[in-house]
Amino acid sequence: MSAHTPKALYRDEGIVLRTQKLGEADRIVTVLTRRTGKVRAVAKGVRRTKSKFGARLEPFTHVDLQLYTGRNLDIVSQVESIRSYGQEIVADYPAYTAGTAVLETADRLTAEEKEPSLRMFLLVVGALRTLGERTHQPGLVLDAFLLRAMSVAGWEPALGECARCGEAGPHRHFSVPAGGTVCPACRPTGSAMPSPVTIELMEALLTGDWARADASQGINRRESSGLVAAMLQWHLERGLRSLPLVDRSDARPTVLRPAEPLVVGTGA
């Protein structure tokens with residue numbers, strides 16, 4: 001078998017991003033996998049009540065898959081559940097709306113199928129786990145994910161230096177088309193002038209400084225969310241359907257509470 005011949009059968013783990021109906025009983029599942037990248041595959045018969053793995057192929061589920069390579073779409077032959085994040089996420093509306101935006105963003109940023117992106121896969125798993133465990137406010141988790149996902153895609157915003165000339169900051173103006181903060185000499189017409197604290201929050205979310213992010217105020221969270229969403233939609237060239245639906249009622253300082261015990265299915 002040559003190096004260019006696809007394997008007839010392969011195994012991978014992944015996160016189910018979305019599903020769509022196919023025919024009377026089948027479903028097309030879009031999965032972001034650890035090794036293969038984004039895969040679209042047919043799960044045959046999963047919409048029948050007797051399907052043994054239909055419930056395992058739902059969005060927010062981390063699965064172990066065995067697939068056959070198909071001409072247009074691959075075919076799922078086996079699936080085991082590693083962990084389903086859906087129960088914890090769906091039970092909390094802000095977490096659910098944030099999680100839906102995470103899945104849609106991952107789908108959009110991995111436009112090329114079967115192009116491996118381990119960093120994106122790990123970001124999605126980390127975001128869903130954090131949303132399920134309620135360790136940080138969902139809006140902050142989403143914005144941290146979006147900033148890091150843009151970084152993986154090559155669009156990391158300039159937050160400490162001028163996006164155009166590289167002059168060290170901090171700079172007061174922010175330009176979405178330019179790619180972040182801009183110095184007075186490079187500032188395009190129509191640049192925003194966010195609070196310096198908002199830029200610090202964005203830096204904290206990008207670098208994982210959760211102590212600083214959790215202590216942030218609602219006004220800075222809202223301003224940060226607006227800038228992050230504007231940057232993402234600028235790069236994607238069309239909006240995310242899920243982003244306007246995100247519940248931002250959590251834009252207040254975090255009061256940490258113990259994570260509820262998680263019941264993890266074995267997939268048996």
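1. Glutamate 13 counts as buried because its relative accessibility is 17%, where buried means under 20% relative accessible area, exposed over 50% and partly exposed in between (1.4 Å probe, protein chains only). Glutamate 13 sits in strand β1, residues 9-22. Please keep in mind that this is a predicted model, in which local features need pLDDT of at least 70 and side-chain atom pairs count only at pLDDT 80 or more, while totals for chains, interfaces and linings use all residues. Residues are numbered from 1 along each chain as its sequence is written, and side-chain values use heavy atoms, with hydrogens and water left out.

2. What does the side chain of glutamate 13 make a polar contact with? Its partner is the side chain of histidine 62, at 2.6 Å. (A polar contact is a pair of N or O atoms within 3.5 Å; within protein, one must be able to donate a hydrogen and the other to accept it, and residues adjacent in sequence count only if both atoms are side-chain atoms.) Leaving aside residues up to four places away in sequence, glutamate 13 also touches others, including Leu32, Arg34, Asp64 and Phe121; contact means heavy atoms within 4.5 Å.

3. On the overall layout, the chain has seven helices and seven strands. These are DSSP runs numbered from the N terminus: helices are H or I with at least four residues, strands E with at least two. The order from the N terminus is β-β-β-β-β-α-α-α-α-β-β-α-α-α. Of the 268 residues in the chain, 51% are buried.

4. Helix α5 (residues 196-207) is worth a look. Serine 195 caps its N-terminal end, with a side-chain oxygen 3.1 Å from the backbone nitrogen of valine 197. After α5 comes glycine 208, whose phi is positive, near 85°. Among the buried residues of α5 are Ile199, Leu201, Met202 and Leu205. The buried residues of α5 pack against α4 (138-152), β6 (173-175), β7 (180-182), α6 (210-214) and α7 (218-236).

5. Finally, a helix pair. The axes of α3 (residues 118-133) and α4 come within 10 Å and cross at roughly 175°; axes are lines fitted to C-alpha atoms, for helices over the stretch in contact, and angles run from 0 to 180 degrees between N-to-C directions. That makes α3 roughly antiparallel to α4, a label for angles over 145 degrees. Residues making the contact include Leu123 and Ala127 of α3 and Val141 and Phe145 of α4.

Key: Parallel < 35°, antiparallel > 145°, perpendicular 65-115°, else oblique.
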